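Reader: I'm new to reading helix packing. Could you walk me through this one?

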Amino acid sequence: MTDEVVDLSKSLVWTVGMITQAGPDERERVANAYREARDLVAQIPKTDEGARPRIVACFQRSDEYRAVEDIACVGWILTAIEERVNEGDLPDWRKLRKVVKNAVKLLSDPAPTLH
């Protein structure tokens, strides 16, 4: 399982990097993809395999976007990672969940400043 955590962590670092380097339009594209992915996974029930069907669905969509070099793939990967981490059976999953939550916050529109 440690290898899985390492792979998951690398994917999470890549995902956060893509979000932080994205311009406003790209970040909005990622945010929309993330919301679409969340809607999709909410419709897929967990099974004896846990969140695996949800994760597989997200990877399939991410692969489709990645094939055409669309940054929306990042929103789908983030959702897949989030689903896996939320299963709560990985070492240090709470630390990973904190990083995932912070990545999701990066997708939010910044609060308007009042002058």
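Reader: Which residues in α2 meet which residues in α4?
Author: Keep in mind that this is a predicted model. On the α2 side, the contact uses Val 30, Ala 33, Tyr 34, Glu 36, Ala 37, Arg 38, Leu 40 and Val 41. Across from them in α4 sit Val 74, Gly 75, Trp 76, Leu 78, Thr 79, Glu 82 and Glu 83.

Reader: And by class, how many nonpolar, polar and charged residues does the contact of α2 with α4 have?
Author: Gly counts as polar here. Sorted that way, the contact of α2 with α4 comes out at four charged, two polar and nine nonpolar residues.

Reader: What is the orientation of α2 and α4 to each other?
Author: Helix α2 covers residues 24-43 and helix α4 covers residues 73-85, and their axes come within 7 Å. They cross at roughly 45 degrees, and that crossing is right-handed. Angles between 35 and 65 degrees fall in the oblique class, so α2 and α4 are oblique to each other.

Reader: What about α1 and α5: roughly parallel or roughly antiparallel?
Author: Helix α1 (residues 2-21) and helix α5 (residues 93-107) have axes 10 Å apart, and the packing angle is about 20 degrees. Anything under 35 degrees counts as roughly parallel. So α1 and α5 are roughly parallel.

Reader: Is the crossing of α1 and α5 left-handed or right-handed, and how many charged residues are in their contact?
Author: The crossing of α1 and α5 is left-handed. In α1, residues including Leu 8, Leu 12 and Ile 19 meet α5 residues, among them Val 99 and Leu 106. The contact of α1 with α5 has eleven nonpolar residues and two polar ones, and the number of charged residues is none.

Note on methods. Residues are numbered from 1 along each chain as its sequence is written. This is a predicted model: local features need pLDDT of at least 70, side-chain atom pairs count only at pLDDT 80 or more; totals for chains, interfaces and linings use all residues. Side-chain values use heavy atoms; hydrogens and water are left out. Axes are lines fitted to C-alpha atoms, for helices over the stretch in contact, and angles run from 0 to 180 degrees between N-to-C directions. Helices (H or I, at least four residues) and strands (E, at least two) are DSSP runs, numbered from the N terminus. Angles under 35 degrees count as roughly parallel, over 145 as roughly antiparallel, 65 to 115 as roughly perpendicular and the rest as oblique. A crossing is left-handed if the near helix is turned anticlockwise from the far one by less than a right angle, and right-handed if clockwise. Contact means heavy atoms within 4.5 Å.
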